[in-house]
Amino acid sequence: MARVEVEVNGTRHELEGVEPRLLLVHFLRERLGLTGTHIGCDTSSCGACTVLLDGKSVKSCTMFAVQADGRAVTTIEGLGSSAELHPMQEAFWAQHGLQCGFCTTGMIMSAVDLLRRIPNPSEGEIRAGLEGNLCRCTGYENIVAAVRAAAAALAAMETPKTIGELVEVGGR
Amino acid sequence: MESDGSTFEREGDGMIPTTFNYFRPHSIEEALLLLRQGEAAKILAGGQSLIPMMKLRVAEPKTLIDLQGVPELAHVTWAGGHCTVGSLTSHATLAADADLRQKAGALWDAANGLGDPQVRNLGTIGGACAHADPSGDYPAVMLALDACFIVAGEKTREVAAAEFFKGTFETALGAGEILTKITFDAAPRSAYVKLEHAASHYALVGVAVVLVMSRDTIEDARIAITGLADVPFRASGVERSLRGVKGNNVAAIKSACAGAAAGQDVRGDIQASSAYRTAMADIVAARAVRVATDPR
Ligand SMILES: Cc1cc2nc3c(=O)[nH]c(=O)nc-3n(C[C@H](O)[C@H](O)[C@H](O)COP(=O)(O)OP(=O)(O)OC[C@H]3O[C@@H](n4cnc5c(N)ncnc54)[C@H](O)[C@@H]3O)c2cc1C
Ligand code: FES
Ligand code: FES
């Protein structure tokens, strides 16, 4: 049994008795109750389980919780609140970037990582940036539109913030 | 399913690996000691091949030694025209390295085209080489770069790329050894192009090319191909035919690349038949040569 000390959405958690084989996604969903991170395939393919590890997108079904010891994890719950959505969440809503919503939380986390790397991506860069995320409903068109809209919204902000800064203010 | 009720209550047969002990050493020496002493011990780098295999219980290590506590294994260092890449360097780090694109475009191409962003953020070059997937991208690139693998163990040794890849998921690494670095000379005229499987992004055929050019003429070439055989191989016939060909002579490049898979026992599977892979090898090789003829 291991001890895991991890910052999740800005809050430090110290958990004893973590089995090393516990996957990060189960740690988040079952130990911390953060069920916004979904399990779509469990075979490292679909990206529904995507979270940010020190700001970079990773598939939490393909990582052990013990590997996150000493590091910072951001889940969809850390982005915004229902009162104040993160610009990426706002854009997915406004552009109808989802239907059933199952892929959406992972899709949004990947899109946030994409804008961290490329603040103003082309359509091709958006599609390549979301290559690790599968959606069986939307046909992707509106997802691409949502990421574009979010990039534009961020660029138009009065006090411009990088996507990274926005992630840090999340977790309200 | 073995389960400890207090900590792990999951219903059904989710994809849960068997139990293991986890260590995060802070030096290579400590990692080597754990590797020698631990029961059924394995190195954990990015986990992007090992963890899926553990979830399927294809791999059941009893001891996992996580290298992330040895961050000095992650670096890209140039000394003159010679590059050293630490084994723990992530695909994403290589893919974002503009300098690497100019100096060793083949490696940069492979890092950029590998898997998807999440896999690139965690996966490492050392892990991908040690894993030795017959459809992996880096093995072909390593062969074309004529790279050298620095291996730590009882003693440190160097293994040439041509000796490193032994078979499907099989390398020259011994059980108690750790791949620490990979070195190669700058290859400013180089490229890696693959025809990828749409879902997994693995290469159906991947071709790495390193050219030596004088003005616009190809003087020498190293061509290595992945995805076709158990191990990547050099297409020596194509290498010979390319000598003296002008970089802008597309027709001559195409004809030099004909028969790229000659003499190989080309794999056929549900993703692509042997005949298709064989035919595509020529086309992908020609594309890769054309990319490599121009500065990146
Ligand atoms: C969805 C998906 C798509 C992918 N697509 C591609 C692709 O298109 N092309 C491609 O080439 N690969 C692809 N991969 C595999 C990816 O490149 C892995 O990152 C890589 O194969 C393993 O590297 P890792 O750092 O994750 O190693 P791990 O999974 O941690 O380890 C893999 C193996 O190498 C051993 N090992 C690791 N590091 C060392 C070391 N330093 N010394 C000795 N042994 C070591 C481990 O013990 C283990 O046996 C994909 C993976 C996934 C999940
Ligand atoms: S659940 Fe992790 S990639 Fe599908
Ligand atoms: S909205 Fe249903 S899977 Fe994407």
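**Stop 1: where chain B meets chain A**

Select both chains of this predicted model. The contact between them takes 25 residues from chain B and 26 residues from chain A. Now keep the chain B side. Colour β1 (21-23), α2 (50-55), β3 (63-66) and α6 (117-122) of chain B; each supplies at least two residues of the side that touches chain A. α6(B) gives the most, with five residues. Switch to colouring by residue class. The chain B side that touches chain A shows twelve nonpolar, nine polar and four charged residues.

**Stop 2: chain B as a whole**

Chain B has twelve helices and 14 strands. Its C-alpha atoms fill a box of roughly 70 × 45 × 30 Å along the principal axes. The radius of gyration of chain B is 20 Å; a compact globule with 296 residues would have one near 19 Å, so the two agree. Of the 296 residues of chain B, 50% count as buried. Among contacts in chain B between residues at least 6 apart in sequence, 64% join residues at least 24 apart.

**Stop 3: the domains of chain B**

Colour chain B by domain: 1-71 is domain 1, 72-185 is domain 2, and 190-293 is domain 3. Keep domains 2 and 3 of chain B. Their C-alpha centres lie 20 Å apart. The contact between them takes 24 residues from domain 2 of chain B and 24 residues from domain 3 of chain B.

Which elements of domain 2 of chain B each supply at least two residues of the side that touches domain 3 of chain B? Select α5 (105-113), α8 (138-145) and β8 (165-167) of chain B. α8(B) brings the largest share of that side, six residues. By class, the domain 2 side of chain B that touches domain 3 of chain B has twelve nonpolar, seven polar and five charged residues.

**Stop 4: a five-strand sheet in chain B**

Walk across an open sheet of chain B in the order β4-β5-β10-β6-β7, with antiparallel pairing. β4 (76-79) and β7 (157-160) of chain B are at the edges; each has a single partner strand, so one side of each has no neighbour in the sheet. Neighbouring strands are turned by 25° against each other on average, direction ignored.

Zoom in on β6 (residues 148-152) and β10 (residues 178-185) of chain B, which pair antiparallel over five bridges. Pick Phe149(B): its bridge partner in β10(B) is Ile182(B).

**Stop 5: Phe169(B)**

Go to the loop between β8 and β9 (170-171) of chain B, where Phe169(B) sits. Most residues other than glycine have a negative phi. Phe169(B) has a positive phi of about 55°. Is Phe169(B) buried or partly exposed? Phe169(B) has 15 other C-beta atoms within 10 Å, so it counts as partly exposed; buried would need 20 or more.

**Stop 6**

Bring chain A back. Select strand β3 (residues 50-53) of chain A. In a regular strand the side chains alternate between the two faces of the sheet. Here Thr50(A) and Leu52(A) lie on one side, Val51(A) and Leu53(A) on the other, and all are buried.

Four bridges join it to β3(A), and the two run antiparallel. They form a hairpin with two residues between them. Click Asp54(A) in the turn: its phi is positive, about 45°.

Centre on Leu52(A). In β4(A) its bridge partner is Ser57(A). In β5(A), Leu52(A) stands opposite Thr74(A).

**Stop 7: Ser44(A)**

Finish in the loop between α1 (24-31) and β3 of chain A, the place of Ser44(A). Ser44(A) is not a glycine, yet its phi is positive, near 70°.

Terms used
Residues numbered from 1 in each chain as written. Chains lettered and ligands numbered in written order. Predicted model: local features only at pLDDT ≥ 70, side-chain atom pairs only at ≥ 80, totals over all residues. Domains from an automatic or database assignment. Contact = placed C-beta atoms within 7 Å. Nonpolar A, V, L, I, M, F, W, Y, C, P; charged D, E, K, R; others polar. Pairing = 2+ DSSP bridges. Axes fitted to C-alpha atoms, helices over the stretch in contact; angles between N-to-C directions. Rg over C-alpha atoms; globule rule 2.2 N^0.38 Å. Buried ≥ 20, exposed ≤ 12 C-beta atoms within 10 Å, placed from the backbone.
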